[in-house]
Each structure stands twice: as structure tokens, then as C-alpha cells.
Amino acid sequence: MQNSYPLWKNALILLAFLVAIIYALPNLYGEDPSVQVSSNRATPLAQPKADEIQNLVKSLNAPVKDFEFKDGHVLVRFTNTDDQLKTADLLRDKMGSDYTVALNLAPTTPNWLRALGADAMYLGLDLRGGVHFLLEVDMDAAAKQAEERYNDDLRLSLRGANLRYQSVAKDNGFIKIKLKTADEKPQLLTLLNKDFHSLEVTEPEASDEVWLKISERELKETSKNAVAQNMTTLRNRVNELGVAEPVIQQQGENRIMVQLPGVQDTTRAKEILGTTATLEYRLVDVEHDVQKAVEGHPPVGSRLYYEKNGQPILLNRQIIVTGDQIVDASSGIDQDGRPAVFISLNGVGAAKMGKLTQANVGKPMAVVFIEYKVETKVVNGEKIRHKEKVEKVISVATIQGVFSKRFQTTGLDSPQEARNLSLLLRAGALAAPVDIVEERTVGPSLGQDNIDKGFLSFVVGFVLVVLFMAVYYRLFGLIANFALAFNVVIVVAILSMLQATLTLPGIAGIILTVGMSVDANVLIFERVKEEIRNGNSPAASIFIGYEKAFATILDSHVTNLVVAVVLFAFGTGSVKGFAVTLIIGILSSMFTAITGTRMVINWIYGDRRVEKLSI
């Protein structure tokens, strides 16, 4: 039979439509203003703490829509934003810095849909509001940090191999090692070949020297790793901020895009995301004269630093532990009422700290706070971004006893500084400094306005297409409209299943697929009309129309698909979002316009003898 599908094919098409309806449904449900409370520590919230939070919320007498405790965090739903904001302020005051209190929009999707894995699409920054940052990773700083690491590692290796050296210093991109005697040079080359094979070795005229340089391949790998590590660190920091549905993507070789929907405090977000902060613990050099170091003659093995009050201090070059060995950090008040950060180290850091404190009880140890700051200055009418590495000693204390895994750091100016430092240490230090090269803020009212206008554009376009098809092609036009509606449902369902982020260009892509979907049916219907004019029977005209129009439809859709793939491959941000929606729309329109309409027409006409088609 020409105009009929087998049972399995009809069942498969209907199943596809049913699945599309189920996964598109969550987008019809709204969202509740809510407050989410989670722990900043390694252990999640426990039931007693959740009960305490519930009692705090009840004390406000705010109309709570629902209270949920799941996966170690508390979610309190409200009916309006005023109650949401009041409750968030109360909880921030009462809970302290060990807990993150975040404003959120919780979906109201029914449990039976959630059980099937159905969830609504995320809304992008231009639809929900929030802040957008484009961060540029400082690759030169990443290379310098790599040189610094190799410099320190070489010193330790030389000491471990009992190789006597006069100096190990960086100079014009080289790490220059000067030995005590030239006789130990073969042993040094053997050590370098074994443990530092990634470094390029140069032997100058001086027989007691070896120059080392990081290879280009190593530098490229270092830069690549710096961007990857920075993205991981930024995700951790965003999680600490409690932002729902953040977007963090790499753009190009050295740029990272960060979008934080719902965040309006730009200053706070910049402070947390852009700061490259870490700590170093070093022993204080009490054997040498600080004044000579101030005059430009620092002793070998020591560096000159300055305390917060401006006093110079000498510290050993050897670093005990650094911020990347910190596994947990929380802020609080010490026994003397001063702001403090309580720190826990990993196994390697704890072993190093325990070994050093055991051998240096009674000696002073300093905490160095390292931060990269970027200032924009106007020079000769041009804006120039100046990067500065700020290193300051925030605390000097005498080692009273042996400690390793957990201890505290004091010397901070305020509880807020302690909270910020603990957040940064928990999230990890950035592998290289980042500069904010672009910043945009979108208000929630503007986002809602974009949604309203985008939806209005879709409705107007959809209605006009539906009216045209119904008037011009009559029954066949109504069938095409049915396929058009399901095409939109399928696009929304696939975007929801992929948990894609819908943006304003994405809405434009959906609107464009509305026209593309009926375009295929126009080609088919015109071909059917042509076959009728040629004297073919209605049943034969339907069959021939679909068969002969298929090649043309396939050609046009593949051409559009190629363009959409190119946009996706080379575009960024909004362009890529538009391309994703367009690709899905092209594929789904092929399915609905050809297979979907053919199934319905088969049901209505099949191989029945009819004198005239309603087309």
C-alpha cells in the first residue's frame, strides 16, 4: 500500500511525540523564590542543623511555601521575593561564615516529571538577569610561576644530591646554576637528565655553569593547564557564591567567560572571581641583618618582605606549605577575639608542616599573603592595565609546639577579610592571574522584558504562519500546522533534555525553525497540486508529491545544517546558542514535516478512493 505506514512506524512516531510532550512540560511550570543554605565545610548539613534553620525561618512568621532538606542542603520556598530577601538576611546574620546562604529560583516541576528526569531549560543571562565577565588569563605570569617552581625544585634536588653550588638564579628566561667546582658538572648533568628532562640544557663557556630553559612545548602545556585549572577554580568559587546555573566556558586560548544569572552584586562577584590569592608559610630569618637587605644586599637563601605596618622582615626562601595544599578553611574568631582563618592541610602539607614545626619550636614563622591586583591608568589619553603582584606578611608568630594538619592564621584586619580569604582558600588559588577585560550587568526587569518580547515575537510569527497555511492549503494546511506545533514541542523537549541554557538568540532560532518547518510542507503540497493538475489520482498525487519533494527538502535542509554547524564551530557565546537551537530545529522539522504530516495524511486518506483533496 502506497499511502500507509506499518504499525511499528506509526507507534514509533507517536512514541517520539509522547516523549517530546513529557520533556517539554516542565517549561510550563514556574519557579518559586527560594533561599538555599549549604555548608562551606567538607561535611554537609545534618538534620539537627536543618531543624535549627527551619525554626529560624518560622521565627520570622514569613509565609513559607515549602521547606526541603535534601542532599545536605536546605531549600526554603516562598510565594514572593520580599519574604525571600528578609529570610536570606536573617539567615546570613545567624548562620555565620561556615554556611552559604544563596538566593535561588526553585522549579515547581511536579515530582512525577522529576522522577522521569524531566526538567525545565535554564534561562541565560539576557533572560534572567545577572552579571557577565570575560576574563583573560595572564600567560606571562603562568610562565614566570613555572620558572619559579623549577628554580625552587632545582635547589632542593641539588641539596638532596649533595651537589655544592654557588647560586641558582633566574636571568633573562634562563635558570643559571653555578657550581662550586667544575668537577661536579657531570653529576649535575646526570641529575638534570633524570629529573628535569623537560628543561633545555645549555653549557656556556664557563666550565662550572649550566643554563636551563623551559622548552616551548612545556610553556604551551603550562599555559594550557593554567587555563584549565583556572576554570576549575572559578567553578569552585562560583559554587561558594551559591549561584544557580552558572556558565563558565573557555573562549580562545587564554580567555574564560563567566556568566552568573541572578547575581546583582557586581563588586562582590569581581572580588571573588578575579582575585588570585594564596598563602605561603615561611620561617623568619633571625640570623641576618634586615637593614643590609633593605640596602640591597639580601643574604643568600632569604628574601626581604614587609609587614602590614611597613616594617621590613627577612624570610627564608624555602616555602613550608602553600595555598594549593589547603583542603579546608573557615573563618572565625580566635581565643583573643581577633579575626582568624582556621586551616586544614592535605597529607603532604601536614607532613611538611609537622616536620618543620618539630625542628623549629621557639622560632618565628610568618604567613605571606599573595595577591595580584590590576589597575587601569590613563597615560597620554590611553587606558593601560597595570598588573602588580602584592606580597605582604600578615602574621608573624612563634612556634609554640608541634602542629601539622590543622592550625589557625591571624593578622587579618576584619571578619569580612577573614571570610573572603577562607572562601578563596577553600576554592583554591588561580594557577595564573586573570584580568577582567569585559563586564556587563543585566537587570532582572530587563531579562523579563526580553522574555516577554521574545515570546510575543514567537506568538505573532506562529499565528501568522498558521493562518496562512490554513487558508491557502485548507486541510493539508491544518495538518502542517499540527506538525509545526509538534516541531516546537520537540525543540523545547530536546533543549530541556540537554539541560541547555536558553538565551534571546536561542528564541530567535526557535522562531526561525517555525518558518523552516512549513517550508518543507509547502514544497510537498505544491508538488501534490502539480501532480493533480497532471491528471494523477489523489492517492497517487500524495505518494508522488512526498517522494519527489524529498530530494529538494533534503538538499535545502542539509545546506542550512552546514551553515548552522559552521556557526557552532566558529561562533562563541550567543552565536553558538543560536546555532544549537537552529541545528535541533532543522533536524526536528525534517522529522515532523515529512514523517509526521505523512502519518496523519495516511490516516485521513490512505488508499481510499476520493475525488478531490482538500489542498
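Guide: The charged end of Lys176 sits over the ring of Trp211, 4.0 Å from its centre. That wording is used when NZ of Lys or CZ of Arg is within 6 Å of the ring centre and within 35 degrees of the ring normal.

Visitor: What kind of model is this?

Guide: This is a predicted model, where local features need pLDDT of at least 70, side-chain atom pairs count only at pLDDT 80 or more, and totals for chains, interfaces and linings use all residues. Residues are numbered from 1 along each chain as its sequence is written, and side-chain values use heavy atoms, with hydrogens and water left out.

Visitor: What is the mean pLDDT of the chain?

Guide: The mean is 80, and 88% of the residues reach 70 or more; pLDDT is the predictor's confidence in each residue, from 0 to 100.

Visitor: Which element has the lowest mean?

Guide: Helix H9 (residues 266-274), at 65, while helix H1 (residues 7-24) has the highest, 90. Helices (H or I, at least four residues) and strands (E, at least two) are DSSP runs, numbered from the N terminus. Where pLDDT is low, the predicted coordinates should not be read in detail.

Visitor: Back to rings. How many aromatic pairs are there?

Guide: The count is 13. Rings of Phe, Tyr and Trp (its six-membered ring) pair if their centres lie within 6.5 Å; planes under 30 degrees apart count as stacked, over 60 as edge-to-face and the rest as tilted. Phe174 and Trp211 have ring centres 5.6 Å apart and planes at 55°, so that pair is tilted. Phe174 is in strand S8 (residues 174-179) and Trp211 in strand S10 (residues 209-214), so the pair ties together parts 37 residues apart in sequence.

Visitor: And Tyr472 with Tyr473, how do those rings sit?

Guide: Their centres are 4.8 Å apart with planes at 80°, so the pair is edge-to-face.

Visitor: Is Tyr473 buried or exposed?

Guide: Tyr473 is buried, at 2% relative accessible area, whereas Tyr472 is partly exposed at 43%. Buried means under 20%, exposed over 50%, partly exposed in between (1.4 Å probe, protein chains only).

Visitor: New topic: what is the strand order in the open sheet?

Guide: The four strands run S11-S12-S6-S22, with antiparallel pairing; two strands pair if DSSP finds at least two bridges between them. S11 (247-251) and S22 (434-442) are at the edges with a single partner strand each, so one side of each has no neighbour in the sheet.

Visitor: How many bridges join S11 to S12?

Guide: Five. Ile248 has Val258 in S12 as its bridge partner.
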